Amino acid sequence: MEPGTERDLMDAPPRPLLLGLLLWYAALWSWAAIDPHDRRDWLLENILAVTAVAVLLLTYRRFRFSAVSYCLITLFLTLHAVGAHYTYAEVPVGFWLKDAFGLSRNPFDRIVHFAFGALLAYPLREIQIRLAGVRGFWSYYLPASGILALSGLFEVIEAIVAIVVSPELGTLYLGTQGDEWDAQKDMAAAFTGAVLALATTRMLGARSFPRRP
């Protein structure tokens, strides 16, 4: 087997790496919890993130992702933690990008939605291949369509949470910045990220994931 193939990347993740990723996210999350821009918005933003981390920890013995997937997931959670701390529309680096490129809005929210697809399509593909035995064309099509579906589902969940939990925070929490098509553009960004990530995986000569408990 040639080095650098996807099968090589599927080796069991070393415990020091996993511990390091967990400690990194715990430290970042703790920092983000200290004096966030808006405490109630921060709490709403963290509902899904904390739930995702809890699921990963609780299911670790039954399903272990590859080291690559754990790193990608942690990177996405890192971006989300930063966005939750400042609120997505107020992240400082987003204002720098806005000024540097002459944009009409803070783009950090859109960047994270793109990252949702670009960083999580690979782990989603891993799940589908290892648990459902998906192969060939479908191992690329299904993760991309899954990212699009999840993106739409999260937009709906976020809207419901904003209305039920804290209606007055709706615009701040959703980060629409006055754009009535914000949800659709966020979904398009996530789908584009997923397509690019999967195309890159394909071009790198990815092989099928081996099944592993």
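Analyst: We may begin with aromatic rings. F63, F65 and Y70 are linked into a cluster by ring pairs. Rings of Phe, Tyr and Trp (its six-membered ring) pair if their centres lie within 6.5 Å; planes under 30 degrees apart are stacked, those over 60 are edge-to-face, and the rest are tilted. This is a predicted model, in which local features need pLDDT of at least 70 and side-chain atom pairs count only at pLDDT 80 or more, while totals for chains, interfaces and linings use all residues. Residues are numbered from 1 along each chain as its sequence is written, and side-chain values use heavy atoms, with hydrogens and water left out.

User: How many aromatic pairs does the structure hold, and what is the geometry of F116 and F154?

Analyst: There are ten aromatic pairs. In the pair of F116 and F154, the ring centres are 5.7 Å apart and the planes stand at 75 degrees, so this pair is edge-to-face. Buried means under 20% relative accessible area, exposed means over 50%, and partly exposed lies in between (1.4 Å probe, protein chains only). F116 has 9% relative accessibility and therefore counts as buried, whereas F154, at 27%, is partly exposed.

User: Which charged residues sit over rings?

Analyst: The criterion is that NZ of Lys or CZ of Arg is within 6 Å of the ring centre and within 35 degrees of the ring normal. R39 lies over the face of W42, 5.3 Å from the ring centre. R130 places its charged end over the ring of F63, at 4.1 Å from the centre; F63 also belongs to the ring cluster with F65 and Y70.

User: What does R130 pair with in a salt bridge?

Analyst: Side chains of opposite charge can pair when their charged atoms come close. A salt bridge is a side-chain nitrogen of Lys or Arg within 4 Å of a carboxyl oxygen of Asp or Glu. R130 forms a salt bridge with E126, and their closest N and O atoms are 2.6 Å apart. These two residues lie four residues apart in helix α6, about one turn of the helix. E126 is buried, with a relative accessible area of 0%, and R130 is buried at 5%.

User: How many salt bridges does the structure hold, and which parts does the bridge of D186 and R110 link?

Analyst: The structure holds three salt bridges. D186 and R110 meet with an N to O distance of 2.6 Å. Their bridge links distant parts of the chain, 76 residues apart: D186 is in helix α9 (residues 182-203) and R110 is in helix α6. Both residues are buried. D109 and R105 also form a salt bridge, with the closest N and O atoms 3.7 Å apart, and both of these residues are buried as well.

User: How many helices and strands does the chain have?

Analyst: Helices (H or I, at least four residues) and strands (E, at least two) are DSSP runs, numbered from the N terminus. The chain has nine helices and zero strands. Of its 213 residues, 44% count as buried. Contact means heavy atoms within 4.5 Å. Among contacts with a separation of 6 or more, residues 24 or more positions apart account for 76%.

User: What is the average pLDDT of the chain?

Analyst: pLDDT is the predictor's confidence in each residue, from 0 to 100. The chain averages 85, and 82% of the residues score at least 70. Over residues 1-5, pLDDT stays under 50, and the model has seven contacts beyond four places in sequence for them.
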